[in-house]
Amino acid sequence: MKKIIKRIAILVLFLIIIDIILSKPKKVIPKNIKSEVEVALEHFPELKNIPIEFKFKKNIEKSVMQAQPTFKGLFKSKENRSYRILISEKFKITGEEYSTTSVPKDVLIGWIGHELGHVMDYQNRSGLNLVAFGFRYAFLKEYVKKAERAADSFAVLRGMADYIIKTKRFILDHADIDPLYKERIKEYYLSPDEIMEMVKEKKEMAQN
Ligand SMILES: [Zn+2]
């Protein structure tokens with residue numbers, strides 16, 4: 001009898017070890033932005049078990065970061081989807097290139113929070129809807145505006161208003177940042193005033 005129990009114990013231990021080896025980490029985060037990503041993630045408990053890989057890329061056209069569903073996860077159920085958040089290694093200020101990780105910590109946290117807002121938005125959509133989303137985002141300006149404002153809103157309603165405002169201010173108040181990028185931020189995203197208004201409304205709703 002003792003022998004059987006011992007064998008079962010060994011088998012269970014073996015299975016646990018195999019499970020640990022085979023289970024993929026839920027988040028892949030480069031070391032140099034780990035603390036910033038963790039602060040942003042704390043605001044999104046719903047994403048705790050969703051695999052997200054944060055990955056640096058040499059250059060991203062028209063933006064600094066980009067959240068996207070992975071292709072293989074697109075047709076899986078929502079709980080089994082995975083995402084990638086691409087981060088441009090550099091961004092331009094008046095023609096000169098700056099390292100993205102050199103921006104103030106809170107600005108970076110706000111930037112990451114906005115991308116996690118996109119992931120929240122994606123999690124509310126079916127796979128087919130996400131494919132349609134991709135096409136509309138690529139071709140319709142109004143749709144870009146809707147998607148960017150939704151991502152901002154998710155982050156603000158999750159308590160990230162201060163970080164999101166710092167990110168906007170950093171871009172809008174930085175005299176040397178590419179004016180085209182500034183225009184894009186003004187046209188498609190929530191403005192600092194709109195964010196403050198949203199926070200006020202949220203507070204009032206909580207009080208009533
Ligand atoms: Zn965005």
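Colleague: Among contacts in the protein between residues at least 6 apart in sequence, what percentage join residues at least 24 apart?

Modeller: Two residues are in contact if their C-beta atoms, placed from the backbone, lie within 7 Å. Among the contacts in this protein between residues at least 6 apart in sequence, 72% join residues at least 24 apart. This is a predicted model, in which local features need pLDDT of at least 70 and side-chain atom pairs count only at pLDDT 80 or more, while totals for chains, interfaces and linings use all residues. Residues are numbered from 1 along each chain as its sequence is written.

Colleague: How many helices and strands does the secondary structure come to, and in what order do the elements run from the N terminus?

Modeller: Helices (H or I, at least four residues) and strands (E, at least two) are DSSP runs, numbered from the N terminus. The protein has seven helices and six strands, and its elements run α-β-α-β-β-β-β-β-α-α-α-α-α from the N terminus on. The C-alpha trace spans about 75 × 50 × 35 Å along its principal axes.

Colleague: How is burial read, and what percentage of the 208 residues is buried?

Modeller: A residue is buried if 20 or more other C-beta atoms lie within 10 Å of its own, exposed if 12 or fewer, and partly exposed in between, with the C-beta atoms placed from the backbone. Buried residues make up 24% of the 208 residues here. Leu 15, which belongs to helix 1 (residues 2-22), counts as exposed because it has 10 C-beta neighbours inside 10 Å. The C-alpha atoms of Leu 15 and Asp 193, which are 178 residues apart along the chain, are separated by 55 Å.

Colleague: How should I describe the packing of two helices, and at what angle do the axes of helix 3 and helix 5 cross?

Modeller: Two packed helices are described by the angle between their axes and the distance between the axes. Axes are lines fitted to C-alpha atoms, for helices over the stretch in contact, and angles run from 0 to 180 degrees between N-to-C directions. Angles under 35 degrees count as roughly parallel, over 145 as roughly antiparallel, 65 to 115 as roughly perpendicular and the rest as oblique. The axes of helix 3 and helix 5 come within 7 Å and cross at roughly 175 degrees, which makes the two helices roughly antiparallel. Among the residues that make this contact are Gly 110, Gly 113 and Gly 117 of helix 3 and Ala 147, Ala 151 and Met 160 of helix 5.

Colleague: At what angle do the axes of helix 2 (residues 34-42) and helix 3 (residues 105-123) cross, and with what handedness?

Modeller: The axes of helix 2 and helix 3 come within 9 Å and cross at roughly 50 degrees, so these helices are oblique to each other. A crossing is left-handed if the near helix is turned anticlockwise from the far one by less than a right angle, and right-handed if clockwise; helix 2 passes helix 3 in a right-handed crossing. The residues that meet include Val 37 and Leu 41 in helix 2 and Leu 108 and Ile 112 in helix 3.
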